[in-house]
Amino acid sequence: MPAKSDIAGNEFQRIRLEFPEVAMELLFLGTGTSCGVPQIGCDCEVCTSSDPRDKRLRSGAVVRGGGVSIIVDTPPEFRLACLKYNVARADAVFITHAHMDHIAGFDDIRRFNTLNGDHPIPCYAAEETIADLHRIFPYITSKPNTEGLYRPQIEFTPVAGAVRVGGIEVTAVPVVHGPRTNGYVFECDGRRMAYIPDCREIPDASLEKLHDLDVLVLDCLRGDEPRIHPTHMTLSLSLAAAEKIGAKRTYFTHACHRVLHRDFEKLLPQGVALAYDGLIV
Ligand SMILES: [Zn+2]
Ligand SMILES: [Zn+2]
Ligand SMILES: [Zn+2]
């Protein structure tokens, strides 16, 4: 089994984790808002819909390409989504922000430590987000497990600009949401994708980083009714941002139970679509 170097220069063995070199792609592990869809105890049209696209796990993604597999956020159903979509490899983890719907599954990274031969996995996030992760998961460390202990081994690294993971360059894109929140741009072999699941506003300095995108994934909680949301983009804001950014394809994510996939897509212009769990772009 050939050894490969990660960006920190660590050598790790690949254990049944090889996958063919493909153009960089993004797999949606989940596309739902913080409650998920269906939400508990709701019998609305969307929560009871038989359309599989109306079943939304909490939001997360995997970006694959350039010889690596990158996890973006570890939502509460992270393990279930990895099983459902055959995600068996993590070369790095990027966290957008420390809201529970994006980090509650963080402990399950430990399984990827086992799969990579018990080596620490780099985790990138804004400095404030890393401080929150340490506070919420104080037992997580980069040290090897001792007998009877099975915890994730993580190398936390604050990211403000660009870092390289294998053949993918990842650039942090700070956005306004509530807590300190990053979107990320992934670039590999000239293909550029941005993932921004939780966002109310994109500052001008961040908009500049969102140029020449093949794919933009953007927050769109629901339509604008009953009110514009204080921390998430709703349809008019999402559409305005998508138009300004001008990606070749835009996918909206982080939708709530007011979004019936079939009807909502009819509100979207050409080049814009609503993502669903399991979609690969
Ligand atoms: Zn969220
Ligand atoms: Zn509902
Ligand atoms: Zn959030």
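How many disulfides does the count come to? Under the criterion of a pair of cysteine sulfur atoms within 2.5 Å, the count comes to zero. The structure is a predicted model, in which local features need pLDDT of at least 70 and side-chain atom pairs count only at pLDDT 80 or more, whereas totals for chains, interfaces and linings use all residues. Residues are numbered from 1 along each chain as its sequence is written, and side-chain values use heavy atoms, with hydrogens and water left out.

The sulfur of C220 lies 9.3 Å from the closest cysteine sulfur, that of C256, which is too far for a bond. C220 is buried, at 0% relative accessibility, whereas C42 is partly exposed at 22% (buried, under 20% relative accessible area; exposed, over 50%; partly exposed, in between; 1.4 Å probe, protein chains only).

Helix α4 spans residues 127-136 (helices are DSSP runs of H or I, at least four residues, and strands runs of E, at least two, numbered from the N terminus). T129, I130 and L133 are buried in α4. These buried residues fall within an arc of 100° seen down the helix axis, so they line one face of α4 (the arc is that of the directions from the axis to the C-beta atoms). The face turned away from this buried side carries the exposed residues E127 and R135. The cover over the buried residues includes α2 (100-103), β7 (121-125) and β8.

Y150 is placed in the loop between α4 and β8 (154-158) and is partly exposed, at 39% relative accessibility. Beyond residues up to four places away in sequence, Y150 touches R110, R111, T114 and N145 (contact, heavy atoms within 4.5 Å).

How values were computed
Chains lettered and ligands numbered in written order.
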